[in-house]
Amino acid sequence: MIWPRPVATGLPCDGFVSEFSGMEKDTMHEMQNGTVKYRVFAGTWNVGGLTPPDDLELEDWLDMKANSYDIYVLGFQEIVYLNARNVLGPKKRSASVKWNSLIGDALNKRREEEERAALRRHQEQKETFRCVASKQMVGIFISVWARAALCRHVRHPAVSCVGAGVLGRLGNKGAVSVRFLLHGTSFCFVCCHLASGGEDGDALLRNADAADILSRTSFHGRGPEELLPKKILDHDRVVLLGDLNYRIAMDDSEAPQLVRARKWSMLLEGDELLMELSKGRQFDGWREGLVTFPPTYKYHRDSDQFYWCAVDGGNLAGGERRHRAPAWSDTDTCDRILWRGKGIKQVRYERCGGYRLSDHRPVRAVFHAVCEVQEGC
């Protein structure tokens, strides 16, 4: 049984963390020289304040056909509209509960009856996932799941929330972070939503948000947890994901031509985040995989048309008519996944284009993470 135990720091927000013990023996990968390698799936999606329909299937995004990941880390932004009522008023848990239910259904979906009958015991041990921790702060939500067979090695999970929005403190922007110890290695996952805007100087606001999140996020615990890292950058393996809102700094007439020609590498020459990574600044020591996918924002909902793209004399897909010409800053690859630390390697990084619920497209990355195995852990 999973017993929730809140250990939130920073802004008050709904969520839980779970301690596991007495679970079945885990299946380790490439056990050698006191280390073991696990496969970590990380995904981020800005869902634009929309409630997911009951029949929304996440299996494609979560790559369930592969059935080869040990840990899932899913970060969402704008699971509620970022209006004054949601930012300042009572917390709405229904959105995060709905998303967690959809995630659990996708991860634990059983195969066809005949296959289950033949491999029942094996499948139950291999495929069942349990929620390690989940936390919501206004529209930012993170949910971390692990195979049930692995959960007895996931210890001391904790969560921390840092608001960086209105007045530099409210939770319409900021980050929700989860940390835990897996065997003898500490992990930290940071789900961010940074300052928006495509005007001159707005990139500096995003830099300031990132610096604020890294400096103010802190994990606290009792007993053995006192010895664990308290700050994000002190963990062994760190993954930062979310709507980072960095834009394409490029002429409005040139950028659409590159999109139409699908010349993503040339488009990314004006990418603000890549410029920040190359210069260090707030992202010194962070890495990102090669971005080879199309922009993740901004699309018309229920359409594959970019917001700036008009067809049929100004009419968009679905009969919607364009009333203005959006700035190019409305189209960017702002949904990104970064990482830092030794012993972690990214092996996949891609956009998932089949989801049209939002004006953003979800992104996923897969990592191989090496853990130090200590006796009794």
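1. The model under discussion is a predicted one. H5 covers residues 202-216, and its 15 residues should span 21 Å at 1.5 Å a residue.

2. The buried residues of H5 are Asp202, Ala203, Arg206, Asn207, Asp209, Ala210, Asp212, Ile213 and Leu214. As a general point, an α-helix has 3.6 residues a turn, so residues three or four places apart point the same way. The elements that cover the buried residues of H5 include the strands E7 (154-163), E8 (174-182) and E9 (185-193), together with helix H8 (272-279).

3. Strand E4 (residues 71-77) is largely enclosed by the rest of the structure, because seven of its seven residues are buried. In a regular strand, side chains alternate between the two faces of the sheet. Both faces of E4 are covered: Ile71, Val73, Gly75 and Gln77 are buried on one side, and Tyr72, Leu74 and Phe76 on the other.

4. E4 has pairing partners in E3 and E6. With strand E3 (residues 35-46), E4 pairs in the parallel sense over seven bridges, and Leu74 of E4 is the bridge partner of Gly43. With strand E6 (residues 140-147), E4 pairs in the antiparallel sense over six bridges; here Tyr72 stands opposite Trp145 in E6.

5. The loop between helix H6 (254-260) and helix H7 (264-267) holds Lys263, and Arg262 is found in the loop between H6 and H7 as well. Arg262 counts as exposed because its relative accessibility is 56%, and exposed means over 50%. Lys263, with a relative accessible area of 41%, is partly exposed.

6. Lys263 and Thr292 are 29 residues apart in sequence, and their C-alpha atoms are 9.3 Å apart in space. Arg262 and Thr292 are 30 residues apart along the chain, with 9.9 Å separating their C-alpha atoms.

Technical notes: Residues numbered from 1 in each chain as written. Predicted model: local features only at pLDDT ≥ 70, side-chain atom pairs only at ≥ 80, totals over all residues. Heavy atoms only, no water. Helix = DSSP H or I, 4+ residues; strand = E, 2+ residues; numbered from the N terminus. Expected span 1.5 Å × (residues − 1). Buried < 20%, exposed > 50% of the residue type's maximum accessible area, 1.4 Å probe, protein only. Contact = heavy atoms within 4.5 Å. Pairing = 2+ DSSP bridges.
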